[in-house]
Amino acid sequence: FPSHDSDPSDRMHKIINEYEDLSARICELCGADAEMRVQHYWYRTLCDLCAEKDGYLPIHEEDEDETL
């Protein structure tokens, strides 16, 4: 049970930060391990399978394609 000494807003910020970090590593569509992907200027967190299906590339590959 949480201590009454800690500030509720500090606990809330800790929870928010924890889930923000998780959301950067979990596929938005299926919940598998994922990474940030891009398609044109749209960024999403997707696993390999969902990214391939929807035409998204890892960010570093999109940067290389634009230099060609």
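**View 1. Val 38 stands opposite Leu 57, a residue of strand E3.** This is a predicted model.

**View 2. Strands E1 and E2 are joined by 5 bridges.** Strand E1 covers residues 35-39. Its pairing with E2 is antiparallel. Arg 37 has a bridge partner in E2, and that partner is Arg 44. Strands of a sheet pair through backbone hydrogen bonds, either parallel or antiparallel.

**View 3. His 40 sits in the hairpin of E1 and E2.** There are 2 residues between the strands of this hairpin. His 40 takes a positive phi, near 60°.

**View 4. An open sheet is formed by 3 strands.** The order is E2-E1-E3. The pairing is antiparallel. Which strands lie at the edges? They are strand E2 (42-46) and strand E3 (57-58). Each of them pairs on one side only.

**View 5. The largest nonpolar core has 7 residues.** In soluble globular proteins, nonpolar side chains tend to be buried together.

**View 6. Leu 49 lies in helix H2.** The helix spans residues 48-54. Is Leu 49 buried or exposed? Its relative accessibility is 65%, so Leu 49 counts as exposed, since exposed means over 50%. Cys 30 is 19 residues away from Leu 49 in sequence. In space, the two are 9.5 Å apart, C-alpha to C-alpha.

**View 7. The whole protein chain holds 3 helices and 3 strands.** From the N terminus on, the elements run α-β-β-α-β-α. The chain has 68 residues, and 18% of them count as buried. Its accessible surface comes to about 5700 Å². Carbon and sulfur atoms account for 55% of that surface. Among contacts with a separation of 6 or more, 3% join residues 24 or more positions apart.

How values were computed: Residues are numbered from 1 along each chain as its sequence is written. This is a predicted model: local features need pLDDT of at least 70, side-chain atom pairs count only at pLDDT 80 or more; totals for chains, interfaces and linings use all residues. Side-chain values use heavy atoms; hydrogens and water are left out. Helices (H or I, at least four residues) and strands (E, at least two) are DSSP runs, numbered from the N terminus. Buried means under 20% relative accessible area, exposed over 50%, partly exposed in between (1.4 Å probe, protein chains only). Contact means heavy atoms within 4.5 Å. Accessible areas come from the Shrake-Rupley method with a 1.4 Å probe; for residues, only the protein chains shown count as cover. Two strands pair if DSSP finds at least two bridges between them. A nonpolar core is a set of buried Ala, Val, Leu, Ile, Met, Phe, Trp, Tyr and Cys residues joined through side-chain atoms within 4.5 Å.
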